[in-house]
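Work through the exercises below with the structure open. Each task is followed by a stepwise solution.

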Amino acid sequence: MTAVAEARKMLTDRIQRIEVSATMAVVNEAEKLRASGIDLVDFGAGEPHYATPQHIKDAAILAIQQNFTKYTPVPGMAELRDAIAHRHSLDFNSDYKRDEVVASAGGKHALFNALQVLVDHGDEVILPVPYWVSYKDMIRYSGGEPVLVTAEEAHDFTFTAEMIERAITPRTKLIILNSPGNPSRAVISPEELTAIVRLAHKRGIYVISDECYVYLNFTGRRFSVGSLRDAKEHLIVIGSLSKTYAMTGWRSGFALAPAPIAAAMGKIQGQSTSCTTSIVQKAAVAALKGPQECVDHMLAEYVSLRDQVLEGLRTIPGLRCVKPQGAFYVYPNVSSFFGRSGLNSAADVAGRLLREAHVAVVPGEGFGTREHIRISYATSRKDLDRGVEQMRRFFAAV
Ligand SMILES: Cc1ncc(COP(=O)(O)O)c(C=O)c1O
C-alpha cells in the first residue's frame with residue numbers, strides 16, 4: 001500500500017472531506033518568510049490591529065488574582081449569558097433569555113456547534129458566494145451539502161430573498177447569512193435580511209446569521225436579524241467579541257438560539273471543549289457591560305482606513321475595487337492581470353505578491369471566487385501606504 005493510501009485509510013472520511021483554511025495557509029506561509037528575515041506587510045490576517053481595551057484586560061487580571069480559575073457551566077456562567085443577552089437587547093432590540101445563549105470559544109466555535117446540531121447527512125445548506133472560508137468545510141464536516149448562490153460583483157455582492165428562494169429544494173435545511181460579510185464586506189439591507197429570514201421561517205428552514213461584524217457596519221443602519229422576534233424559532237444568531245472589542249486571541253463568541261437548539265449546542269460543547277476559559281468569561285462580561293466608546297472609536301478608524309486604502313488602490317491601473325460598506329476588507333478584482341507574466345489565477349497573484357512584493361493577501365479561491373484577492377486593512381496607516389506602494393510597483397511590472 002502507498003503512503004498516501006495508508007494515510008487515507010488512517011483518517012476518517014469526514015476529515016478528508018474538508019480542507020485547511022485558506023486564511024490560515026497564508027498566515028503560515030507569511031510566518032515562514034518572516035522567520036527568514038523578510039519584512040512583510042501583512043494584509044492577510046482578518047483581525048483588528050488594536051490592542052484589547054484596558055478595562056477588559058484588567059477584568060481578566062483580576063479574575064486570575066481572585067482565583068476565578070475553575071470550570072464554569074458549559075454554556076457559560078450565568079453572569080456572562082445574561083450580559084450577552086442584555087447587550088444584544090440594548091443594541092438590537094432582541095429579547096433572548098439566558099437559556100437561549102451559549103458562550104463558545106469564538107464565533108467560529110459557535111458556528112461549528114450550530115452546524116453539527118442542525119445539519120445531517122444529505123441536508124442542503126444554502127451558502128451565498130463569496131463566503132467566509134470555513135462555512136463550506138464546516139457544512140461538509142457535518143455531512144451536509146453546500147448549495148452555492150453567487151452574488152454578483154456588479155450588484156456589490158449583495159443578494160436578495162428571491163435569489164435565495166430559487167435555491168430552495170425539499171432538502172434545504174438551512175441558510176447561512178453573513179452581513180457585513182467577509183470577504184465581500186457587502187452589507188445586505190435590513191429589509192432584504194428581514195425578507196430572507198421571514199421566507200425561511202415560513203418554509204420551516206433554519207437561518208444561521210453570522211454577525212461577527214455586526215458592529216462594523218459603515219452604513220449607519222446597524223441591524224441584527226435577532227431583532228425579528230416573530231422568526232426566532234428558526235433563527236441562530238452567531239456573535240463574536242473578536243472584532244468588536246479587538247479580542248481575537250481571547251476566543252470569545254456566542255450563539256443566540258431557541259432553547260432546544262441552544263441545549264443541543266451545549267451538549268456537543270460539553271462533550272468536546274466544555275466551558276470557555278473562566279478568565280476570558282470575566283473579560284467578556286467587562287467588554288459587554290463596560291463603556292462602549294471603544295467600539296465606536298474603532299469603527300470610525302476603520303472607515304478612515306478604508307478610505308485611505310481605496311485611495312491608494314485607485315492608483316493601480318487594472319485593479320477594480322467596490323467600496324466596502326462594512327468589516328475591514330477590500331476585495332479587488334485582479335482578473336485584468338490574468339494572462340500577464342504567468343499570472344492566471346487569484347492564487348497566482350497572491351503567491352507572487354507574497355514572494356516578490358512581500359505583501360500578504362488572501363486569494364479569492366478560498367472564498368469561492370477566482371478573480372479577487374482579499375486585503376485586510378486593519379493595520380497601521382504606515383503599513384497600509386507601504387503595502388499599497390509595493391503592490392503598485394508589482395502590478396506595474398507584470
Ligand atoms: C465571517 C466570520 N465569521 C466568524 C469568524 C470567527 O471569528 P472568531 O472565531 O474569532 O469569533 C470570522 C473570523 O475571521 C469571520 O470573518
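**Exercise 1.** In this predicted model, find how the lining of the second largest pocket divides by class, and which element gives the most to it.

*Solution.* 
1. Sort the lining by class: eight residues are nonpolar, three are polar and three are charged.
2. Take the space: the second largest pocket holds about 260 Å³.
3. Locate the centre. Of the 14 lining residues, the closest to it are Ile18, Lys108, Ser134, Asp137 and Met138.
4. Assign elements. H6 and H7 each give two or more residues to this lining. H7 gives the most, with five residues.

**Exercise 2.** Describe the largest pocket by volume, central residues and classes.

*Solution.* 
1. The volume is about 510 Å³.
2. The lining has 27 residues; Met24, Gly46, Lys108, Trp132 and Lys243 are the closest to the centre.
3. Helices H3 (22–35), H6 (107–118) and H7 (133–141) each supply two or more lining residues.
4. By class, 10 are nonpolar, 11 polar and six charged.

**Exercise 3.** Is strand S6 enclosed or open, and which strands pair with it?

*Solution.* 
1. Check burial, with a cut-off of under 20% relative accessible area. Five of the five residues of S6 (206–210) are buried, so the strand is largely enclosed by the rest of the structure.
2. Pair S6 with S5 (residues 172–177): four bridges, parallel. Leucine 174 stands opposite tyrosine 206.
3. Trace the link. The chain runs from S5 through helix H9 (residues 190–203) to S6, a right-handed β-α-β crossover.
4. Pair S6 with S7 (residues 235–240): four bridges, parallel. Here isoleucine 208 stands opposite isoleucine 236.

Definitions and conventions. Residues numbered from 1 in each chain as written. Predicted model: local features only at pLDDT ≥ 70, side-chain atom pairs only at ≥ 80, totals over all residues. Heavy atoms only, no water. 1 Å grid on protein atoms, 1.4 Å probe; cavity = no way out; pocket = protein on both sides within 12 Å on 5 of 7 lines; lining within 4 Å. Points joined across faces, edges and corners; volume = space filled by probe spheres on them. Nonpolar A, V, L, I, M, F, W, Y, C, P; charged D, E, K, R; others polar. Buried < 20%, exposed > 50% of the residue type's maximum accessible area, 1.4 Å probe, protein only. Pairing = 2+ DSSP bridges. Right-handed = clockwise from strand over helix to strand, strands pointing away.
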